[in-house]
Amino acid sequence: MQSEVGVGVFFQDFGRATDFCSGFVRSPNSDMRSPWLSKLSLIFSPRPPRNWLLLCLIGVIVVVALLGSSSSSAFDSVSPTPRPDIYTNYRRIKEQAASDYLELRTLSSEATSTREFSFCGKDTENYVPCYNVSGNLLVGLKDGEEFDRHCEVSQQQLPCLVRPPKEYKIPLKWPAGKDVIWSGNVKISKDQFLSSGSMTKRLMLLEENQISFHSEDGLIYDGVKDYSHQIAEMIGLGSDTEFYEAGVRTVLDIGCGFGSFGAHLLSLKLMVVCIAAYEVTGSQVQLALERGLPAIIGNFISRQLPYPPLSFSMVHCAQCGIFWEKKDGMLLIEVDRVLKPGGYFVLTSPATEPHGNSLRTNRKSMLKPIEELTEKLCWSLLAQQDDTFIWQKTVDAYCYTSGKKSNRPLCKEGQDAQSYYQTLVPCISGTTSKRWTPIQNRSSGFLLSPAELEVHGKYYSNFPCESSLLGVQPNDFYEDFENWKSVVRNYWSLLTPLIFSDHPKRPGDEDPLPPYNMIRNVMDMNAHYGGLNAAFLEGKQSVWVMNVVPLGVRNTLPLILDQGFAGVLHNWCDPFPTYPRTYDMLHANGLLSHLISEGCSIMNLFLEMDRILRPEGWVIVGDKLGPIEKARSLATQIRWEARVIDLQNGSDQRLLVCQKPFLRK
């Protein structure tokens, strides 16, 4: 099974078959007869009778048969699907890669001591942990907090595999998959679709088993392009193609509908993250992710979003259903917290049931409380056109302390760093941060300049009660980027036979459009500086990355967001706030060692990874040999095809490369 992939030092001799007989080492005294052998020779004489030889031969055959059957049955208990059928629903991959994985199936050393996880019930096909309204009400949560995420209330981790719906199909490859999805992959009915009133929803066609979105190259019936162009003109730009150069890099789209606005801005090289409340059916987040667009479950009710202050250059709300004037303006204060200096708040909210000349009166009465609150937040109303209003956050931090406009207190020192689902606070954040830089002063590229890196010279630990100075040096940052460029090239070379092929389609499918990409999104579960994301951009790979910074490590999320990437804080001892089958690839470097030191369950982590990974999706885990071997055993239990790769660099670092098969009960 010699297969030189040619991916450099990082994956030297990836296809090398492991010699499992190397453990049987010849003793230095192997030529000398042992006492046991001497006695045996006396019994049988120097030349044993033929019947004794025949008896020994039969005994050896019986032992071999018993060992073979036991190991075979033990492995079959891990993967009950017959061996030739394990690739029935896999993409047509190169013959050699298939043989590698089939051989691995027969060489799994942990198979004799592990058990497979069973499938969960049908009612869990769209299961999202930590969201349990009835359970939250029972413990006394109210005033909207019962709709929030509460892992401490509903901590139940299902010890089973969340299976796909019966009608589930592998999503179409990009770019076609952004405009056409399988209706059986999302939990939405025709009535729910037709009753949706989201302004950002584009006209969709429900035909048999597909939901079709109009292509960006065709006619836009609901005016998404016109709406985007209108916003650009309202903030003083000639076209929405100038957003990026004007400093608008990251957009938080609240209540994003079906992702039309985000899909358009994504085509303009902006990073748009959809955020919407958890919905049992008709979920905006689930549908956006099914289209391959960035999205995460979250809402403006009672807790802060898992982002640090000064995270986004634009916050957009189009009929998002939020009453911004409620709670004495604390919801708008949360927008102010995550908005960068000079950033924009776009609100499109038409008056309800206007009648003739009463339209203007209704609009004024609705917006008067919001206008008063935004003035106290040092925002200025830039423009108003039809039902769209745009405010701009001040670039002058002195405005909040001068008493000219704001009468809100400033947050205490260190309070800014506690942004992981903390209770909403009525104070102003970020005014003393070194990251207080107007968005218009940003450099044009995603790679930060040395001057921009200087403000990230110190980090606070994201432990709520612990603060320790953790610096990042420019040399470390740039070396990390160069390293990840090499690693991503190796990843792509490694996976090219598996995610690409000469004929990247299934029988009966139409020919896909270039670049035949079967991976649309990647979750980097331990993102560090965001180097993996930067390397994907540098390599012009058409994927976007959700950068996750785990709790308990230094909080590098501000650095990641300032590069214009999508990112979020998360505690990997808990489930991730997303729907099942929403990521094409999961990447985790060093995460296992961190979670073991934190006392988190690696088994629960892998069950959660299986939940959020789509069938036929990929996993790449890098860590020390011990955690990797444990992870390989768990991967076998959850029916993944797994392979450990020795990096051949003299260290005990290993890679675990897995693929989740498309299995149905």
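1. Basis of the model. The model is predicted, and local features need pLDDT of at least 70, side-chain atom pairs count only at pLDDT 80 or more, and totals for chains, interfaces and linings use all residues. Residues are numbered from 1 along each chain as its sequence is written, and side-chain values use heavy atoms, with hydrogens and water left out.

2. Seven strands form an open sheet with mixed pairing, in the order β6-β5-β4-β7-β8-β10-β9. Helices (H or I, at least four residues) and strands (E, at least two) are DSSP runs, numbered from the N terminus. Two strands pair if DSSP finds at least two bridges between them. At the edges stand β6 (295-297) and β9, each with a single partner strand, so one side of each has no neighbour in the sheet. Direction ignored, neighbouring strands of this sheet are turned by 20 degrees against each other on average.

3. Strand β8 in that sheet. In strand β8 (residues 339-348), 10 of its 10 residues are buried. Buried means under 20% relative accessible area, exposed means over 50%, and partly exposed is in between (1.4 Å probe, protein chains only). Strand β7 (residues 312-318) pairs with β8 in the parallel sense over 6 bridges, and Cys317 stands opposite Leu347 in β8. The pairing of β8 with β10 is antiparallel, over 5 bridges. Here Leu347 stands opposite Phe389 in β10.

4. Helices on that sheet. Helix α7 packs on the sheet and touches β4, β5 and β7, its direction making about 165 degrees with that of β5. Helix α9 (residues 330-338) also packs on the sheet, touching β7, β8, β9 and β10, and its direction makes about 135 degrees with that of β8. Axes are lines fitted to C-alpha atoms, for helices over the stretch in contact, and angles run from 0 to 180 degrees between N-to-C directions. Contact means heavy atoms within 4.5 Å.

5. Burial of α7 and α6. In α7, 7 of the 8 residues are buried, so this helix is largely enclosed by the rest of the structure. The buried residues of α7 include Phe261, His264, Leu265 and Leu266. Their cover includes α6, β4 (250-254), β5 (271-276) and β7. Just after α7, Lys269 has a positive phi of about 75 degrees. In helix α6 (residues 224-234), the buried residues include Val224, Tyr227, Ile231 and Met234. Among the elements covering the buried residues of α6 are α7 (260-267), β7 and β8.

6. Strand β15 (residues 613-624) and β14 pair in the parallel sense over 6 bridges, and His587 stands opposite Ile620 in β15.

7. Helices α16 and α17. The axes of helix α16 (residues 591-598) and α17 come within 10 Å and cross at roughly 135 degrees. That makes α16 oblique to α17 (under 35 degrees counts as roughly parallel, over 145 as roughly antiparallel, 65 to 115 as roughly perpendicular, and the rest as oblique). Residues making the contact include Leu592 and Leu595 of α16 and Leu605 and Phe606 of α17.

8. Aromatic pairs. There are 19 aromatic pairs in the structure. Rings of Phe, Tyr and Trp (its six-membered ring) pair if their centres lie within 6.5 Å; planes under 30 degrees apart count as stacked, over 60 as edge-to-face and the rest as tilted. Phe477 and Tyr529 form a tilted pair, 6.0 Å centre to centre with 50 degrees between the planes. Phe477 lies in helix α13 (residues 474-499) and Tyr529 in the loop between β11 (521-524) and α14 (531-538), so the pair ties together parts that are 52 residues apart in sequence. Trp544 and Tyr583 have ring centres 6.0 Å apart and planes at 65 degrees, so this pair is edge-to-face.
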